[in-house]
Every structure is written in C-alpha cells, then in structure tokens.
Amino acid sequence: MTNRFEKVVSLSEALTHFRDGMTLLAGGFGGVGNPPTLIQGILDKGVRDLTLISNDTAFPHIGIGKLVTEKRVKKVIASHIGSNPNAGAQMTAGELEVEFCPQGILAERVRAGGVGLGGILSDVGIGTIAEKGKQKVVLDGKEYLLETPLTAEVAIVHAKKADRFGNLVFDTSARNFNPLVAMAGDITIVEADEIVEVGMIDPEEIVTPGVFVNFIVQSEGVNWQWAWEK
C-alpha cells in the first residue's frame, strides 16, 4: 500500500512541474538558501520566460542569479538586484522587467499570499513614485497603500533537513525567506540536504510543517563557489 504521506520524489519527477512562462517563488538571500539542485534542473530542462519572485537576484553565477544570467527570467519581483550586474544590464536594455518592493513589504506580501489575505496596508512610499498603480485606503484618518499578496505556481525551498512528510528544519541564516516562500506556492517543492523518517525530527525544531510541502527532492549540494571561498 502506498504511503499517502510520502512526498519524496526524484528530481526528474519534480521537474515535470516547471514550464515556460510560469511564476516561480524562490527562497534565499544573496544565494544563501537558494536550492541548487532544483535551479540546475530548471536550467537543464530549458525552462524560460519565468516571472521570478525572490528577495534578490543573487550573484551572476550563484543561486537564482544563474537563471537571470542565462536570460531565463522575463520579470523579477524583488527588493534589490544590485549584487547581480547581469540583472541591472538586462533591465537597462529592456530585456528584464523589474518590480522593486521594499524588503519588509516583500516578505509581508509573500506571507499574505501564503495565509490567504487579500493584501496588507502600508504607509511606506506614500507621496513617492511607489504610489503609482496602487490603491489607497484611508483607515482612522491615515492614508495607506494596499500591497497585494504574492503567490506562485511553484515555490522552491532549500532545507537543511526534511522528514518524509515535509516537516522542515533550516540551516541558520539560510532560513531567511524560505518559510514564507514555502507557504505561498500552489505547489511547493523542497530540496533537502538530509531526508529522514517521520518522527526523527524533534517537533520543537520544526520551522515549516509538512502541510505546506508537496514534494521533496534530495539535494546534490551547492554547485557554485561563494565569494568568500575565492
């Protein structure tokens, strides 16, 4: 009998959920916490015209920065792109659409998408170009901008450890955006450094419960060199 809680799949099976023109949410911060095996799989499959939602565009040859460098992304929603000059060059050339969002607001928009809120209210950007195209709401006499929730067809997450139901533990600062991203995908695919049996993770350690996770793949490890390793 098949265990209905079994979520561990092969990389090839996980890659069937990626297609051209899709919206992709990626955990990580400057590449830390980006899932390397899934990203390489997306590259190898040739997926393109992605709308990428992530805190940043990492570095040219690190993490999701590879997707930008290979021109697989048509639009990015991020808090900054400064660490990846390829993103800036493509934006300037009109090859990449960029929607900038303050980091805290970006995190809250993803969280709102994950928990099913209709949006969040923020006074950040009132009276600036950040108002453009946004609905204003007055509450108790104060004006706010309505920031819409962010979701994606697929969310990709990198965890230090996962059990077979998808309960997740993250590696220190690699936790960053990953727990929020895990909640906001129609399908959430986790790349885990270690996969263990259900019950082998102390409940007090679990950051993301398995209810948010659809599939788990075994990580093949980071396949880039960090700046501090040079």
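**Hairpin.** I started at the β6-β7 hairpin, which has two residues between its strands; in that turn Asp 140 shows a positive phi of about 50°. I took strands (E, at least two residues) and helices (H or I, at least four) as DSSP runs numbered from the N terminus. This is a predicted model, where local features need pLDDT of at least 70 and side-chain atom pairs count only at pLDDT 80 or more, while totals for chains, interfaces and linings use all residues. Residues are numbered from 1 along each chain as its sequence is written, and side-chain values use heavy atoms, with hydrogens and water left out.

**Pairing.** I read β6 (residues 136-139) against β7 (residues 142-147) and found antiparallel pairing over four bridges; two strands pair if DSSP finds at least two bridges between them. Val 138 sits opposite Glu 143 in β7.

**Sheet.** Which order do the three strands take? I get β5-β7-β6, an open antiparallel sheet. Its edge strands are β5 (120-122) and β6, each pairing on one side only. Neighbouring strands are turned by 45° against each other on average, direction ignored. β5 and β7 pair in the antiparallel sense over three bridges, with Ile 120 opposite Glu 147 in β7.

**Helix on the sheet.** I then saw α5 packing on this sheet, touching β5 and β7, and its direction makes about 160° with that of β5. Here contact means heavy atoms within 4.5 Å; axes are lines fitted to C-alpha atoms, for helices over the stretch in contact, and angles run from 0 to 180 degrees between N-to-C directions.

**Helix α5.** I checked its span: 13 residues (103-115) reach 19 Å from first C-alpha to last, close to the 18 Å expected, which is 1.5 Å times one less than the number of residues. Its buried residues (under 20% relative accessible area, 1.4 Å probe, protein chains only) include Ile 105, Leu 106, Arg 109 and Val 110. Just after α5, Gly 116 takes a positive phi of about 85°.

**Cores.** I looked up the largest nonpolar core and found 30 residues, with Phe 18, Leu 24 and Ile 42 among those with the most contacts inside it. Such a core is a set of buried Ala, Val, Leu, Ile, Met, Phe, Trp, Tyr and Cys residues joined through side-chain atoms within 4.5 Å. The largest share, four residues, comes from α2. Beyond four places in sequence, the contacts of Phe 18 include Lys 45, Val 47 and Ile 189. Apart from this core lies another, of 26 residues, among them Ala 107, Ala 112, Ile 120 and Phe 170.

Methods. Buried < 20%, exposed > 50% of the residue type's maximum accessible area, 1.4 Å probe, protein only.
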